[in-house]
Amino acid sequence: PERADVVVIGSGYTGLHAAIQTARGGRSTLILEAGDPGWGCSSRNGGHVSTSIKPSTAALARIHGTDRAKAMRAEGRASLDWIEDFINAEGIACSFRRAGRFHAAHTPKHYEGLARTADTLRRDEAVDVFEVPRAEQGREIGSSFYHGGLVYPRFATLHPAEYHRGLLDMALAAGAAVVPHCAALAIDGTAGRFEVKTSLGTVQARDVVVATNGYTQALTPWLQRRVIPIGSYVIATEALDPAEIDACFPTGRIVCDTRKVVYYYGPTPCGTRVVFGGRVSSGETDPRVSGPRLHAELTRLFPQLARARIAHSWSGTVAYTFDTLPHCGRHEGIHYAMGYCGAGVAMAGYLGMRMGQRVLGLAEGATAFDDLPFPTRPLYSGKPWFLPAAVAFYRWRDALECRLAARGAPPMPAAPAKMRAPS
């Protein structure tokens, strides 16, 4: 179409939730997608649903003040309850389940840190979390690699592509138009009178929403300088005997660990396969390369799965930020929400929904993340030249910590500040 009230760039969770709000609010809404709808990480993630906010209240308070820090953490918790309520209310069949997450410690020192974290979360935020010492972790995971961990019983899992399909159907039913294989090339004009040039023509729009997250490029250079695209790689095993799955995941929980180069995994919703994800190289690579490497790590954690073959290997791109927070707001009249730091299944939709409400001028569209300072770094233009070195350092450090822990040696001291990755 030549005109639309709202043009949404990106058809992932964020863009679709924004479009559902604006279309249901009576605005003609056009969603532009450079590939197939949902081609990005919205259909390629591990399906883990958490409270999404990485920094602690104390860390946030030092920068943003206590009240805003508490508000941000509270919205992270709210996003988890919101996504369940939304899926149930809309009847989306995506195998949503409050499976819980086991956050596993890769060294004794990290378990001690997790235990302190649990105390703080219970005291200050009333979070439902409990410790599982190494001697008892067999009830949570069929691996001897770890040194105990925490259980977050309310964390959830879903089938990411089925969830995306449900959102796409809802957006279309609400009257939004979706144009696939239509790259947005330039945005000109000001708020209320935008012109969006695309590979298929030009569209006049009152409002523009940018929902590109890990695929943010030169279309929006201000945003491109503020998000760090990072590839995450995933495999799924072939169908296994359910008894094998139960032996590895006795409670059916999803799992992540405390390594800086984190791995995340768990049983599929159907309970017959294992999905296993993480980063396996310093630079970006190909799923044909990442698949065998992920399989090697899977079988190191679970030797009993050594004969399990890979059925699928894929990758997607997430977006980190330099302050490890999601961001939303307006820049030069353009609405945006992005930067979920690898934990966006709930938060991407939640902030997309709020962004749609903000476009409609609704007071409930306000969030604690609105117009936060959105940091970048000198010389950074959107290509993370520092990432290979940072990942290589942390992979080396993770491996060394694991070897020392296995030998019973004292844990290593903290890394010097100058070596820390931006995330």
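Residues are numbered from 1 along each chain as its sequence is written, and side-chain values use heavy atoms, with hydrogens and water left out. Because the model is predicted, local features need pLDDT of at least 70 and side-chain atom pairs count only at pLDDT 80 or more, while totals for chains, interfaces and linings use all residues.

The description begins with the sheet. Eight strands, in the order β5-β6-β4-β13-β14-β15-β12-β16, form an open sheet with mixed pairing. Strands here are DSSP runs of E with at least two residues, helices are runs of H or I with at least four residues, and both are numbered from the N terminus; two strands pair if DSSP finds at least two bridges between them. The edges of this sheet are β5 (130–132) and β16 (310–320), each of which pairs on one side only. From one strand to the next the twist averages 20°. In general, strands of a sheet pair through backbone hydrogen bonds, either parallel or antiparallel.

Strand β14 (residues 263–267) of this sheet holds Y265. Y265 is buried, with a relative accessible area of 0%; buried means under 20% relative accessible area, exposed over 50%, and partly exposed in between, with a 1.4 Å probe and protein chains only. Residues up to four places away in sequence aside, Y265 touches H48, I141, Y146, F249, I254, V255, V275, F276, L301 and F302, where contact means heavy atoms within 4.5 Å. With Y146 there is also a side-chain to side-chain polar contact of 2.9 Å. A polar contact is a pair of N or O atoms within 3.5 Å; within protein, one must be able to donate a hydrogen and the other to accept it, and residues adjacent in sequence count only if both atoms are side-chain atoms. The C-alpha atoms of Y265 and V132 are separated by 18 Å, the two residues being 133 apart along the chain.

P267 also lies in β14, and its relative accessibility of 11% makes P267 buried. Beyond four places in sequence, P267 touches I245, F249, G252, R253 and R273. P267 and A236, which are 31 residues apart in sequence, lie 9.4 Å apart, C-alpha to C-alpha.

A hairpin is formed by β17 and β18, with 2 residues between them. The strands, β17 at residues 327–331 and β18 at residues 334–338, run antiparallel and are joined by 5 bridges. In the turn, E332 has a positive phi of about 50°.

Most residues other than glycine have a negative phi, and most peptide bonds are trans. Two loop residues also have a positive phi. S52, in the loop between β3 (48–49) and α2 (57–64), has a phi near 80° and is buried at 6% relative accessible area. N213, in the loop between β11 (201–210) and α6 (221–224), has a phi near 45° and is buried at 18%.

Helix α5 (residues 160–173) meets α3 (residues 66–90), their axes coming within 12 Å and crossing at roughly 60°. This angle makes α3 oblique to α5. The contact involves I83, F86, I87 and E90 of α3 and Y163, L167 and M170 of α5. Helix α1 (residues 13–24) comes within 9 Å of α5, axis to axis, and crosses at roughly 25°; α1 and α5 are therefore roughly parallel. Axes are lines fitted to C-alpha atoms, for helices over the stretch in contact, and angles run from 0 to 180 degrees between N-to-C directions. Angles under 35 degrees count as roughly parallel, over 145 as roughly antiparallel, 65 to 115 as roughly perpendicular and the rest as oblique. Here Y13, L16, H17, I20 and R24 in α1 meet P160, Y163, H164, L167, L168, M170 and A171 in α5.

Finally, T107 lies in the loop between β4 (101–104) and α4 (108–125). T107 is buried, at 4% relative accessibility. Its side chain makes a polar contact of 2.6 Å with the side chain of H110. Apart from neighbours within four places in sequence, T107 is in contact with H147, E401 and A405.
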